[in-house]
Amino acid sequence: MADSLAAIREELSLANRILAHEGIVDAFGHISARHPGDPGRFLISRHRAPQLVAPEDILEYTLDTEPVHPTPAGWRHYGERVIHGCIYQARPDVNAVCHHHSASVLPFCITGVELVPVYHMGAVLGTAAPFWDSRDEFGDTNMLVVKPEEGRSLAKALGSHWMVLMRRHGATLAGTTLRELVFRTIYSHANAEIQLRAMALGKIGPLSRGEAERTGPYQLQPRPMARAWEYWTTRLEKSGEMPKRLP
């Protein structure tokens, strides 16, 4: 993870734009990072589409999701920021969180079919992606996770895993670093797309638990992640969507 506040703001805005450019988030979805100098705080953009997030949009919150500094006039906060705060509270090892509604992952959220690693890059989602259903504890809601008790329930469902599927809603993922989170988010999305295609042909043959346990950490080594990050940032740069750096 970037080791200064300015650097993490720039990297977080870049992560937002990468996930937008790679088709994981659209107008909705959000990505956060734990504060590099204070584990009791986290950073996330003001309320806006990920593709538009710039370093100056990044706000600082307590883990109870209260703004640390006065919010500029006219700026709004993400309602679902409790997802991030509650996961950081429950998981000291987590330093980055993403919530999205990927069209490739949603079919699993809707049907309850298990999302499993079906190829080597997909092993970064972990050996399993548990489900969380808001109806189980909260009945009929507007489907948004905006109350602390809802965020805590989701964090509990995530447990020690790295990805949780939210029934009829989307997915939430965690990472030990921001770049690891982006890597996991993109390749779990790709894994879902490949699993859907494979299921259309016949019975799938996923990775064994042993293969997933060995392959996931291998993919998350510094060299593979650096190679992927360079690729995604180059694609973003060529598209003309790179965020401006802080002065």
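**Entry 1: the surface.** Accessible areas here come from the Shrake-Rupley method with a 1.4 Å probe. I kept in mind that this is a predicted model. The accessible surface of the protein comes to about 11,600 Å², and carbon and sulfur atoms hold 53% of that.

**Entry 2: the overall build.** I looked up the secondary structure and found eight helices and seven strands. The radius of gyration is 17 Å, close to the 18 Å the globule rule gives for 247 residues, so the protein is as compact as a globular protein of that length. I also noted that the C-alpha trace spans about 55 × 45 × 30 Å along its principal axes.

**Entry 3: inside and across.** Of the 247 residues, 51% count as buried. Then I checked contacts between residues at least 6 apart in sequence: 68% of them join residues at least 24 apart.

**Entry 4: charges.** I got 27 positive and 27 negative side chains. The centres of the two sets lie 3 Å apart.

**Entry 5: one residue.** I picked Thr 172, which lies in strand S7, residues 170–175. Is Thr 172 buried or exposed? Its relative accessible area is 0%, and buried means under 20%, so Thr 172 is buried.

What does the side chain of Thr 172 make a polar contact with? I found the side chain of His 99, at 3.2 Å. Leaving aside neighbours within four places in sequence, Thr 172 is also in contact with other residues, including Ile 83, Ile 87, Val 97, Leu 154 and Trp 162.

Conventions:
Residues are numbered from 1 along each chain as its sequence is written. This is a predicted model: local features need pLDDT of at least 70, side-chain atom pairs count only at pLDDT 80 or more; totals for chains, interfaces and linings use all residues. Side-chain values use heavy atoms; hydrogens and water are left out. Helices (H or I, at least four residues) and strands (E, at least two) are DSSP runs, numbered from the N terminus. Buried means under 20% relative accessible area, exposed over 50%, partly exposed in between (1.4 Å probe, protein chains only). A polar contact is a pair of N or O atoms within 3.5 Å; within protein, one must be able to donate a hydrogen and the other to accept it, and residues adjacent in sequence count only if both atoms are side-chain atoms. Contact means heavy atoms within 4.5 Å. The radius of gyration is taken over C-alpha atoms; the globule rule is 2.2 Å times the number of residues to the power 0.38. Lys and Arg count as positive and Asp and Glu as negative; His and the chain ends are not counted. The place of a charge is taken as NZ of Lys, CZ of Arg, CG of Asp or CD of Glu.
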